[in-house]
Amino acid sequence: MSYTLPEFLAHAIALEKEAADRYLELAEMMEEFGNRDVAGVFRDMSRFSKMHGDDIAVRVGGIELPRLRSWEYRWETPPESSGDKPSFIMTPLNALDYARANELRGMNYYRSAAEQSADAEVRRLGGEFADEEARHAATLDQWIVKERSRVKLAHHGASDGGL
Ligand code: ZN
């Protein structure tokens with residue numbers, strides 16, 4: 001779909017809001033799980049999304065944004081959460097993988113918006129935002145590596161205590 005600048009900005013704001021909300025949920029979930037490190041990662045990610053959304057709102061300035069009727073970008077539902085069962089059973093590793101997959105979806109979303117738009121500013125911003133999502137995914141990658149080795153250590157009975 002070829003976005004005009006106002007359409008693109010409206011979607012970008014919605015995307016960042018969605019990410020900020022989902023990250024907050026994930027952070028709370030990880031706190032319940034007792035993993036404060038991963039909860040902290042998600043709190044940071046939530047803050048970044050919020051800040052990015054705020055920056056975009058500044059960029060919007062006086063431009064009138066269309067109301068989104070159908071919002072085509074949403075985070076996937078976590079595979080673990082089915083029906084009325086809350087997704088608290090997600091392990092930190094699951095949660096990180098899940099977040100990473102959604103960052104990549106966000107990246108692809110921005111990338112294709114940039115590629116398909118005839119508007120030079122949409123092309124520029126879309127590329128910029130896609131790069132930002134790629135950096136978020138890379139940050140999560142590092143945490144996934146960290147979390148994997150932590151889980152492995154725990155399974156081998158290393159006695160560093162904490163979950
Ligand atoms: Zn992101």
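Author: Let us begin with contact: two residues are in contact if their C-beta atoms, placed from the backbone, lie within 7 Å. Please keep in mind throughout that this is a predicted model. With that cut-off, and leaving out residues up to four places away in sequence, Met-30 touches Asn-35, Val-38, Ala-39, Phe-42, Pro-92 and Ala-95.

Reader: How many helices and strands are there in the protein, and what pattern does the protein follow along the sequence?

Author: The protein has 4 helices and 0 strands, and the pattern read along the sequence is α-α-α-α. Of its contacts with a separation of 6 or more, 73% are between residues 24 or more positions apart. Buried residues make up 29% of the 163 residues.

Reader: Which residues of α2 are buried, and what covers them?

Author: In α2 the buried residues are Val-38, Ala-39, Val-41, Phe-42, Met-45, Ser-49 and His-52, and what covers them includes α1, α3 and α4. In α3 the buried residues include Pro-92, Ala-95, Leu-96, Tyr-98, Ala-99 and Asn-102, and the buried residues of this helix pack against α1 (5-33), α2 (36-60) and α4 (120-155). In α4 the buried residues are Val-122, Leu-125, Gly-126, Phe-129, Glu-133, His-136, Leu-140, Trp-143 and Glu-147, with α1, α2 and α3 among what covers them.

Reader: Which residues have the most contacts inside the largest nonpolar core?

Author: The general idea is that in soluble globular proteins nonpolar side chains tend to be buried together. Here the largest nonpolar core has 30 residues, and those with the most contacts inside it are Phe-8, Leu-26, Met-30, Val-38, Phe-42, Ala-95 and Ala-99. The elements that give two or more residues to this core are α1, α2, α3 and α4, and the largest share, 11 residues, comes from α1.

Reader: Why does Phe-8 count as buried, and which residues does Phe-8 touch?

Author: A residue is buried if 20 or more other C-beta atoms lie within 10 Å of its own. Phe-8, whose place is in helix α1, counts as buried because it has 25 C-beta neighbours inside 10 Å. Not counting residues up to four places away in sequence, Phe-8 touches Tyr-3, Ala-113, Ser-117, Val-122, Leu-125 and Gly-126. The C-alpha atoms of Phe-8 and Leu-65, which are 57 residues apart along the chain, are separated by 9.1 Å.

Reader: Why does Glu-147 count as buried, and with which residues is Glu-147 in contact?

Author: Glu-147, in helix α4, counts as buried because it has 22 C-beta neighbours inside 10 Å. Leaving aside its neighbours within four places in sequence, Glu-147 is in contact with Val-38, Pro-92, Leu-93 and Leu-96. From Glu-147 to Leu-96, 51 residues apart in sequence, the C-alpha to C-alpha distance is 8.9 Å.

Reader: At what angle do the axes of α3 and α4 cross, and at what angle do those of α1 and α4 cross?

Author: For a pair of helices one reads the approach of the axes, then the angle, then the handedness. The axes of α3 and α4 come within 8 Å and cross at roughly 165 degrees; these two helices are therefore roughly antiparallel to each other, and α3 passes α4 in a left-handed crossing. The axes of α1 and α4 come within 9 Å and cross at roughly 20 degrees, which makes α1 roughly parallel to α4, and α1 passes α4 in a left-handed crossing. Where this pair meets, Leu-5, Phe-8 and Ala-12 in α1 face Glu-121, Val-122, Leu-125, Gly-126 and Phe-129 in α4 as contact partners.

Definitions and conventions. Residues are numbered from 1 along each chain as its sequence is written. This is a predicted model: local features need pLDDT of at least 70, side-chain atom pairs count only at pLDDT 80 or more; totals for chains, interfaces and linings use all residues. A residue is buried if 20 or more other C-beta atoms lie within 10 Å of its own, exposed if 12 or fewer, and partly exposed in between; C-beta atoms are placed from the backbone. A nonpolar core is a set of buried Ala, Val, Leu, Ile, Met, Phe, Trp, Tyr and Cys residues joined through C-beta atoms within 7 Å. Axes are lines fitted to C-alpha atoms, for helices over the stretch in contact, and angles run from 0 to 180 degrees between N-to-C directions. Angles under 35 degrees count as roughly parallel, over 145 as roughly antiparallel, 65 to 115 as roughly perpendicular and the rest as oblique. A crossing is left-handed if the near helix is turned anticlockwise from the far one by less than a right angle, and right-handed if clockwise.
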